[in-house]
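Open the model in your viewer and get ready to select. We will go stop by stop.

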Amino acid sequence: MIRILRFSILPLLAAMISCSDADETEDDNNTDSFDRGEMLQNWADNIIIPSFENFEGITQNLEAKTLAFTEEPTEAGLAELRSAYVEGYLGFQTVSIFEIGEAEAVNYRANLNTYPLDAEGVEEKISSNEYNLELPSSYDEQGFPALDYLLNGLAETNTEIVEFYTSHENAEVYKNYLQNVSERINALTSVVHSGWKNSYRDDFVANTGSSSTGAVDRITNDYILYYEKFLRSGKIGIPAGAFTGNPVPGAVEAYYSPSLSKDLYLKALETTQNFFNGRHFDGSQNGPGYGDYLDYLNTIKNGEDLSSLIDGQFVTINEQAAVLDNNFVSQVENNNNDMLAAFDELQQNVILLKVDMMQAISISVDYVDSDGD
Amino acid sequence: MNQWITSYFNRNTQSAPLAVFRVFFGFMMLASIIRFWLNGWIEKLYILPEFSFSYYGFEWVKPLGNFTYVLFIICGLSAFFVGIGYKYRLAIITFFLSFTYIELMDKTTYLNHYYFISILSFLLIFLPANAYYSLDAKKNPDIAFQKIPRWCIDSIKLLLGIVYFYAGLAKINSDWLLKAMPLKLWLPSNYDLPFLGDLLQQEWVHYAFSWSGMFYDLLIPFLLLYHRTRVFAFVLVVIFHVLTRLLFPIGMFPYIMIVSALIFFDSGIHHKILEKISRLFGIAKSYFDNDRELSFLPKKKNILLSFLSLFFIVQLMLPWRYLLYPGELFWTEEGFRFSWRVMLMEKAGYAQFKVVDGKTGKRFYVDNSDFLTPFQEKQMAIQPDFILQYAHYLADHFRKDGHENIEIYVESYVALNGRKSTSYIDSDTNLLEEKDSFKHKTFILPFHDQIKGL
């Protein structure tokens with residue numbers, strides 16, 4: 001009997017140990033099953049790192065253009081800086097999903113794109129000349145929304161805006177603030193990008209475990225969170241007043257240059273769809289992604305063709321976007337119903353991603369780590 | 001037959017198995033409570049949520065704010081006292097009440113094994129588990145008995161048997177046996193297990209697990225009862241539960257079941273276990289071997305036995321209550337809980353609530369994360385009673401915010417066992433016109449497929 005007890009305790013111990021070690025187990029060379037390591041590699045090497053590489057180039061340019069403008073504030077310089085800002089804001093949409101690794105550690109998305117901007121707060125900080133952009137309380141006083149305000153929102157005309165940097169009593173502080181915002185965007189981007197270039201890439205690709213700390217699980221939760229909260233709600237739902245009943249034009253992304261808002265939305269949408277399909281950042285080809293993973297799992301369970309359904313819904317969302325005004329501020333003010341229709345189309349994919357895809361790949365929603373039975 | 005019954009209930013046996021059970025139960029419960037605390041779950045599950053989902057009829061049971069910690073301390077302490085057998089009756093009653101209170105605070109956290117702990121501790125209130133190898137028996141020789149009525153130990157076996165057997169019955173359905181669902185969804189995601197990872201991608205493995213799981217649950221109580229198969233059965237118990245521990249996030253439950261299964265063995269092994277413990281802690285076990293036999297007074301015995309019979313009749317009937325409801329049980333979940341339907345289905349859902357002003361027609365959606373934790377939201381989206389309760393809570397909230405003529409609708413989708421998600425709740429029903437009850441909820445949309453079986 002005692003021998004039996006001993007026999008039973010050994011596997012128990014083994015179970016406990018192997019469970020806690022599950023994260024570190026390497027994927028063995030499966031021949032017949034889906035290679036998640038390859039998918040992670042595709043995500044890292046062909047999508048995420050090239051996106052940051054490209055974006056860091058953009059933010060460097062943004063910082064340089066900002067410097068040029070603050071050294072000699074002219075209307076021509078403002079125009080150039082604005083186009084760098086537009087390029088930067090669009091570029092940001094290609095990296096915003098990936099709030100993992102260094103990006104998560106520095107709260108990258110919150111720093112670069114918390115909107116609506118607290119414009120009053122920015123003005124107060126400038127007039128007192130006391131500010132620290134590194135404080136979490138300053139999230140809504142920096143990043144692209146702050147650039148937007150400083151380049152487009154200070155006054156009606158370009159001449160007047162330039163005057164803030166030349167003849168205004170706080171011109172020096174305006175210049176410094178603008179400079180600091182640009183520098184911080186570039187600096188944080190550089191931190192995140194070098195994180196990937198250094199050790200994080202290898203950690204990420206090697207982390208093929210199935211636990212909630214595995215890279216596939218983590219990034220899938222990030223992906224769906226991004227889609228639901230930042231794409232669906234942030235760009236469309238909240239401005240359209242889907243959660244309050246009243247449209248909130250002030251909550252439109254790029255509120256001070258609102259003709260950019262739809263392009264930002266489309267760029268983010270394109271990024272989420274491409275990531276789903278595993279499309280390389282350079283657009284040359286598709287590598288393994290969620291679509292393939294779902295297709296593989298479907299060979300086991302013979303269910304609905306989820307990957308086509310989801311990709312198809314992305315296409316529908318894009319088609320619906322054709323009726324939207326380039327300027328979301330005037331869209332929600334004049335024809336909010338089309339905006340709400342966009343929300344509904346986006347919603348369809350929340351269901352397919354969050355319910356059907358998550359069930360199919362057997363990943364649970366984040367932070368639900370209690371026991372099951 | 002009558003004679004056999006009478007003689008059965010007069011039969012005595014060694015107290016040691018029940019004492020071992022009590023010791024292990026107490027200390028495993030203590031460990032569970034500590035583990036729960038260390039995982040930060042008290043805060044996450046009971047303190048942080050601003051809203052909790054009550055059980056119908058138990059709306060008065062609510063988390064107690066920071067006193068919830070005190071509740072867990074009481075629960076842990078009483079488990080410890082049960083383990084050492086000190087003031088046993090008071091300890092086990094306290095444990096039952098505090099543990100059950102914890103479970104009733106929020107049905108989001110419902111697990112069959114928590115329910116099992118609740119009713120097992122309830123049963124233990126009525127058993128003389130402190131008659132042997134306890135501080136109580138040490139202090140008061142009057143209540144120390146080396147032998148107790150046999151039915152005391154058999155009642156625990158019966159309860160364990162019911163849990164397994166009903167869990168097995170629940171697996172007799174077409175999704176489980178003919179489609180190998182939901183194991184087909186769950187097993188492949190364990191691709192990173194050494195040795196097993198590749199195997200778990202194979203379809204035949206999913207079927208093998210499904211069928212053997214069903215047979216295991218149905219047969220294990222009998223294999224444990226029959227002395228010739230007992231050792232083999234215990235090996236199976238260990239393998240089965242270790243496997244479930246490896247494959248699923250299942251907490252302490254496997255260990256509790258493995259240790260509980262020891263009760264099926266003859267007292268020899270239990271004496272050996274107690275000897276080991278005695279040697280470890282320098283306890284004089286021989287003190288308890290007093291050869292005294294416990295026999296209840298006839299009147300007390302009759303009341304006890306009648307009461308426990310009633311308890312077991314309820315246990316045997318409760319899982320069948322789903323038959324009183326129309327529709328597919330897995331879909332409606334009417335009569336799903338308290339029925340040993342363990343790891344039986346994979347359900348995921350999404351519920352978008354819409355608040356409408358009935359007069360002006362103005363409407364807006366609710367951001368669930370403003371009110372619920374992700375865990376609550378996940379459970380809410382797949383269970384109609386949660387959806388209804390939440391709708392009423394939302395109405396109260398928005399009424400306070402000054403909204404008027406509130407109507408609440410939900411657009412919800414549920415995917416069951418790998419089927420594509422479909423509409424779940426009638427989106428034209430104003431949920432505020434519905435009240436929770438044990439009656440069938442007519443606002444649940446029909447399930448467009450069939451799952452045959454029990």
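**Stop 1: a facing pair.** Select B:Ala348 and B:Ala415. B:Ala348 stands opposite B:Ala415, which lies in strand 5 of chain B. Keep in mind that this is a predicted model.

Now widen the selection to the two strands. Strand 3 of chain B covers residues 347–357, and it pairs with strand 5 of chain B in the antiparallel sense. The pairing runs over 11 bridges.

**Stop 2: strand 5.** Select residues 406–416 of chain B. How many of the 11 residues of this strand are buried? The count is 8, so strand 5 of chain B is largely enclosed by the rest of the structure.

Stop 3: Pick out B:Tyr413: it stands opposite B:Ser423 in strand 6 of chain B. These two strands form a hairpin, with 5 residues between them. In the turn, click B:Asn417, which has a positive phi of about 50°.

**Stop 4: the domains.** Colour chain B in two parts. Domain 1 of chain B is 11–322, and domain 2 of chain B is 346–433. Their centres, taken over C-alpha atoms, are separated by 36 Å. Where they touch, domain 1 of chain B gives 13 residues and domain 2 of chain B gives 13 residues. On the domain 1 side of that contact, which helix of chain B supplies the largest share? Select residues 183–186: this is helix 10 of chain B, with 3 residues in the contact. By class, the domain 1 side has 9 nonpolar, 1 polar and 3 charged residues.

Stop 5: Zoom out. Chain B has 19 helices and 6 strands. Its C-alpha trace spans about 80 × 50 × 50 Å along its principal axes. A compact globule with 454 residues would have a radius of gyration near 22 Å; chain B has 24 Å, which agrees. Buried residues make up 44% of the 454 residues in chain B. Take the contacts in chain B between residues at least 6 apart in sequence: 69% of them join residues at least 24 apart.

**Stop 6: over to chain A.** Select A:Ile224, in helix 10 of chain A (residues 215–237). Is A:Ile224 buried or exposed? It has 20 other C-beta atoms within 10 Å, so A:Ile224 is buried. Leaving aside neighbours within four places in sequence, A:Ile224 is in contact with A:Leu353 and A:Lys354. Finally, select A:Val350. A:Ile224 and A:Val350 are 126 residues apart along the chain, yet 7.7 Å separates their C-alpha atoms.

Conventions
Residues are numbered from 1 along each chain as its sequence is written. Chains are lettered from A and ligands numbered from 1 in the order in which they are written. This is a predicted model: local features need pLDDT of at least 70, side-chain atom pairs count only at pLDDT 80 or more; totals for chains, interfaces and linings use all residues. Domain bounds come from an automatic or database domain assignment. Two residues are in contact if their C-beta atoms, placed from the backbone, lie within 7 Å. Helices (H or I, at least four residues) and strands (E, at least two) are DSSP runs, numbered from the N terminus. Ala, Val, Leu, Ile, Met, Phe, Trp, Tyr, Cys and Pro count as nonpolar, Asp, Glu, Lys and Arg as charged, and the others, Gly among them, as polar. A residue is buried if 20 or more other C-beta atoms lie within 10 Å of its own, exposed if 12 or fewer, and partly exposed in between; C-beta atoms are placed from the backbone. Two strands pair if DSSP finds at least two bridges between them. The radius of gyration is taken over C-alpha atoms; the globule rule is 2.2 Å times the number of residues to the power 0.38.
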